Amino acid sequence: MASYYPEPTNIWESLEYSSLGTSIAESLWAFPTLETIHVIALVTVFGTIMIMDLRLLGLASNEWAVTQMSRDTLPWTWGAFVLAAITGTLLFVSKASTYMVNPYFLWKMSLMALAGLNMLYFHFKTYQTVSEWDAKPVLPTGAKVAATLSLVLWIGVIFCGRAIGFTLGIYY
Amino acid sequence: MGDFFYGLTEQLRETFLLDAAFWMQETALNKLMVLNFWAVPLAQVMHIMAIAAGFGATLMLTLRVNNLAGGARTVPQVAGRYIPWVWWALIFIVISGFLMLIAEPVRNMINGVFWVKMALLLVTVLITVAFQNAARAQAHAAGVAWNAGGGMRLTSWLIVILWCLIMVCGRWIAYAPV
């Protein structure tokens with residue numbers, strides 16, 4: 001079958017002009033359907049993260065143990081994150097070179113990387129002493145800083161995600 | 001499905017909603033939303049954050065009712081934590097949604113998907129009120145060891161599915177066949 005797409009000149013165009021990329025881009029329903037799953041997944045990610053962060057900040061569910069809250073929310077955060085990452089990757093592939101020149105897309109990826117680092121530091125450093133403050137309503141500064149950073153970074157991710165949709169035609 | 005929504009939209013175009021949408025387009029709030037590039041995206045960010053808060057709270061209560069999470073707390077304790085968040089979230093969802101509506105009245109009011117979304121929202125609110133009242137009453141009557149029956153569990157998942165359907169409509173307003 002003749003290809004209507006030009007020869008790719010870089011890795012992002014190769015992705016975009018791949019059969020996967022062009023199938024999603026040409027389909028009438030694939031992109032909106034992936035977006036829809038992406039939205040349901042990301043509100044689950046942010047919703048459950050917010051529940052945990054508000055606990056760490058001492059603003060909600062203060063009488064509940066932090067480890068218990070973590071067990072209740074974290075499987076859903078991760079499950080939904082995987083779903084958002086898969087659908088996000090598929091959305092990306094269909095317009096890879098357009099996204100790669102969009103500053104809001106690059107910011108979104110950077111902010112998510114920072115959120116990941118924040119989570120790693122919290123998990124491997126701050127959380128090691130959780131047995132000392134598990135049931136306390138007011139938590140150590142490290143936990144509060146991690147929760148604040150998490151909320152700010154993820155709100156930034158949501159903002160950039162929306163901004164991408166409003167600036168797609170501007171940068172290429 | 002496309003034909004159904006196309007037909008619905010064609011019918012909406014014949015109603016007073018078209019004039020109402022034109023009127024909304026002349027308001028000062030519409031100008032404010034349209035002339036500021038970031039107004040609509042920011043309203044959408046507020047919408048998404050509020051949905052996350054409301055959906056997250058709904059999910060946690062559903063998991064507790066089904067004994068899938070939060071078992072260390074009683075249902076009334078879990079309900080007390082999350083139910084206010086559902087309703088506060090709804091207030092912010094409605095405010096941000098209204099801002100998006102006034103920014104693009106024709107795109108929403110003359111759109112079958114938008115009205116199906118509104119109908120689903122109304123149904124969800126009514127079922128949620130009934131569910132929350134029943135859960136609290138039953139848990140109160142049966143004490144801390146209350147185990148939700150099949151009907152309550154099914155209803156709790158129905159509410160989660162309705163939230164998802166509302167989100168599906170929310171996304172597809174932009175792709176509606178008009």
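1. From the N terminus on, chain A reads α-α-α-α-α-α-α-α, a total of eight helices and zero strands. Helices here are DSSP runs of H or I with at least four residues, strands are runs of E with at least two, and both are numbered from the N terminus. The C-alpha trace of chain A spans about 65 × 25 × 25 Å along its principal axes.

2. A word on the source, before going further: this is a predicted model, in which local features need pLDDT of at least 70 and side-chain atom pairs count only at pLDDT 80 or more, while totals for chains, interfaces and linings use all residues. Residues are numbered from 1 along each chain as its sequence is written, with chains lettered from A and ligands numbered from 1 in the order in which they are written.

3. Chain B also deserves a quick outline. Its secondary structure comes to eight helices and zero strands, in the pattern α-α-α-α-α-α-α-α along the sequence. The C-alpha atoms of chain B fill a box of roughly 55 × 35 × 20 Å, taken along the principal axes.

4. Now to the interface. Here 24 residues of chain A are in contact with 23 residues of chain B; contact means that the C-beta atoms, placed from the backbone, lie within 7 Å. On the chain A side, helices H3 (30-56), H4 (66-94) and H8 (141-166) each supply at least two residues. H3(A) gives the largest share, twelve residues. By class, the side of chain A that touches chain B has 15 nonpolar, six polar and three charged residues. In this scheme Ala, Val, Leu, Ile, Met, Phe, Trp, Tyr, Cys and Pro are nonpolar, Asp, Glu, Lys and Arg are charged, and the others, Gly among them, are polar.

5. Do have a look at H3(A) against H8(B). The axes of H3(A) and H8(B), residues 150-172 of chain B, come within 9 Å and cross at roughly 135 degrees, which makes the pair oblique. Axes are lines fitted to C-alpha atoms, for helices over the stretch in contact, and angles run from 0 to 180 degrees between N-to-C directions. Angles under 35 degrees count as roughly parallel, over 145 as roughly antiparallel, 65 to 115 as roughly perpendicular and the rest as oblique. From H3(A) the contact takes Pro32(A), Glu35(A), Thr36(A), Val39(A) and Ile40(A), and from H8(B) it takes Cys164(B), Met167(B), Val168(B), Arg171(B) and Trp172(B). Seven of these residues are nonpolar, one is polar and two are charged.

6. H8(B) also packs inside its own chain. H4(B), residues 39-65, meets H8(B) at an angle of about 160 degrees with the axes 9 Å apart, so H4(B) is roughly antiparallel to H8(B). H4(B) contributes Ile51(B), Phe55(B), Thr58(B), Leu59(B), Thr62(B) and Val65(B), while the H8(B) residues include Trp157(B), Val160(B), Trp163(B) and Met167(B). The contact of H4(B) with H8(B) has ten nonpolar, three polar and one charged residues.

7. Last, H5(B). This helix, residues 75-103, has 29 residues and reaches 41 Å from its first C-alpha to its last, close to the 42 Å expected at 1.5 Å a residue; the expected span is 1.5 Å times one less than the number of residues. H5(B) bends by about 30 degrees at Arg81(B), and Pro84(B) follows within four residues. The bend is the angle between axes fitted to the seven residues ending at a residue and the seven starting there. H3(B), residues 28-35, packs on H5(B) at about 90 degrees with the axes 8 Å apart, and is therefore roughly perpendicular to H5(B).

Key. Contact = placed C-beta atoms within 7 Å.
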